[in-house]
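Welcome, and thanks for taking a look at this one. Below is a short tour, starting with one local detail and then widening out.

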Amino acid sequence: MATRTQRDHGVAEARDAQPAQAAPAIRLAGLWREFGERVALQDVNLELSRGGSLVVIGPNGAGKTTLLRILATLLRPSGGEVTVLGCRLTREAWRARGRIGYVGHEPLLYRDLTVGENLRFHARLYGLGEPERRIAELLGRVGMARRESELARNLSAGMAQRVAICRAVLHEPELMLLDEPHAHLDPEASALVEPLIGSGTGRTLVTVTHDYRTGLAGGGRALALGHGGSVAYEGPAEALSSPEAETIYRGSPR
C-alpha cells in the first residue's frame with residue numbers, strides 16, 4: 001500500500017502534467033487534514049469548474065467546515081494538493097485571498113465598529129477605491145441601510161449575518177465559500193440575500209449545508225462527507241438521492 005508521501009508525489013506529477021489554461025476553480029487531490037491524532041479529512045479528491053457550484057453535506061464532525069476553511073486559506077492542509085483559482089495552497093495563498101468571499105459561522109465583524117466602519121475597513125483591505133456607493137448598494141439590498149451607524153455588537157444574529165454577507169461580496173469575488181449562509185435568517189431576510197450569494201451571480205459557489213434536500217435540488221456537484229472526513233459521495237448532485245443522503249447522515253456511507 002502506498003505511503004502518504006508516495007501518494008503526494010504522484011499527485012504533484014499529475015498536477016504538473018495538466019495545462020494551466022485547463023485549471024478548474026478548485027482542485028483537491030488526496031487532501032488530508034489532521035488535528036493531532038484526530039483525522040478531520042482524509043483523501044478528498046474533486047474538481048470544480050469555474051462558475052460551477054458544489055454543495056457539501058454530511059453529519060456534524062465530518063470535516064465540512066474544515067474543508068471550507070482550507071479553501072479560504074485559513075487552515076493549512078496536512079497532506080495532498082489544493083489548488084484554488086489556479087493558485088497552489090499554501091504557497092500561493094496570497095494570490096487567491098483577494099478573489100475569495102467567505103461566510104463562516106462567525107460574521108468576522110469588529111464589535112466596537114459600526115456596520116459602515118466594518119465595511120469600509122474591509123474595503124481598504126481589498127484595495128477598493130471610493131467604496132461608499134458599493135456599501136450603500138449592498139446595505140440597501142439586504143435591508144440594512146438604516147443600520148449603517150449601529151455598532152456591530154448591538155446587532156441581532158440575523159442582522160450580523162446580513163452584514164457578513166455584504167462583507168463577503170463587497171469586492172465581487174470570483175469564488176464564494178458559504179458555511180450555512182442562511183443561518184439566523186428569517187424567510188424574508190433569506191430572500192434578500194439570495195441574489196447576492198445564489199447561483200445567479202455567475203460566481204463559483206461552494207456551500208456547506210445540512211438542508212441537503214434543497215442543496216441537492218440546486219444542481220451542480222455534491223460532496224458528501226462521512227464520519228472522520230471520509231468521502232461518501234462525490235459527483236453530480238442530481239445523482240445523490242435524499243434517501244442515500246439520509247444513509248450517509250446515519251453513518252453508513254454509500
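## A hairpin to start with

Strands β4 and β5 form a hairpin with two residues between them, and Leu85 in the turn has a positive phi of about 55 degrees. Strands here, like helices, are DSSP runs (E, at least two residues for strands; H or I, at least four residues for helices), numbered from the N terminus. The two strands pair in the antiparallel sense over three bridges, where pairing requires that DSSP finds at least two bridges between the strands. Val84 has Cys87 in β5 as its bridge partner.

On another side of the pairing pattern, β4 (residues 79-84) is joined to strand β1 (residues 26-35) by five bridges, and these strands run antiparallel. Arg27 stands opposite Thr83 in β4. How well covered is β4? Six of its six residues are buried, buried meaning under 20% relative accessible area, exposed over 50%, and partly exposed in between (1.4 Å probe, protein chains only).

## What kind of model this is

This is a predicted model, so to speak of local features a pLDDT of at least 70 is needed, side-chain atom pairs count only at pLDDT 80 or more, and totals for chains, interfaces and linings use all residues. Residues are numbered from 1 along each chain as its sequence is written, and side-chain values use heavy atoms, with hydrogens and water left out.

The protein averages a pLDDT of 90, and 90% of the residues score at least 70; pLDDT is the predictor's confidence in each residue, from 0 to 100. Residues 1-21 stay under 50, and the model has 18 contacts for them beyond four places in sequence. A contact means heavy atoms within 4.5 Å. Where pLDDT is low, the predicted coordinates should not be read in detail.

## The overall picture

The protein has nine helices and ten strands. Its radius of gyration is 19 Å, close to the 18 Å that the globule rule gives for 254 residues, so the protein is as compact as a globular protein of that length. That radius is taken over C-alpha atoms, and the globule rule is 2.2 Å times the number of residues to the power 0.38. Along its principal axes, the C-alpha trace spans about 60 × 40 × 35 Å.

Of the 254 residues, 48% count as buried. The protein exposes about 12400 Å², with carbon and sulfur atoms supplying 49% of it; these areas come from the Shrake-Rupley method with a 1.4 Å probe, and for residues only the protein chains shown count as cover. Among contacts with a separation of 6 or more, 67% are between residues 24 or more positions apart.

Strand β9 (residues 221-225) is mostly covered, with four of its five residues buried. Four bridges join β9 to strand β3 (residues 53-57), and the two run parallel. Within that pairing, Val55 has Ala222 in β9 as its bridge partner.

Strand β10 (residues 231-236) pairs with β9 in the antiparallel sense over five bridges, and Leu225 has Val231 in β10 as its bridge partner. Five residues lie between β9 and β10 in this hairpin, and Gly228 in the turn has a positive phi of about 80 degrees.

## Backbone details worth a look

Which residues does the cis peptide bond join? The bond links Leu89 and Thr90, with omega of about 10 degrees. Thr90 sits in the loop between β5 and α3 (93-97).

Asp43 has a positive phi of about 55 degrees although it is not a glycine. Asp43 lies in strand β2 (residues 38-48) and is partly exposed, at 37% relative accessibility. Glu172, also not a glycine, has a positive phi of about 50 degrees. Glu172 belongs to the loop between α6 (157-169) and β7 and counts as exposed, at 54% relative accessibility.

## Cysteines and a buried proline

A search of the whole structure finds zero disulfides, a disulfide being a pair of cysteine sulfur atoms within 2.5 Å. Cys87 is buried, with a relative accessible area of 0%, and Cys166 is buried with a value of 0% too.

Pro181 is found in the loop between β7 (175-179) and α7 (187-197), and counts as buried at 6% relative accessibility. Leaving aside neighbours within four places in sequence, Pro181 is in contact with Gln161, Ile165, Ile197, Thr207 and Val208.
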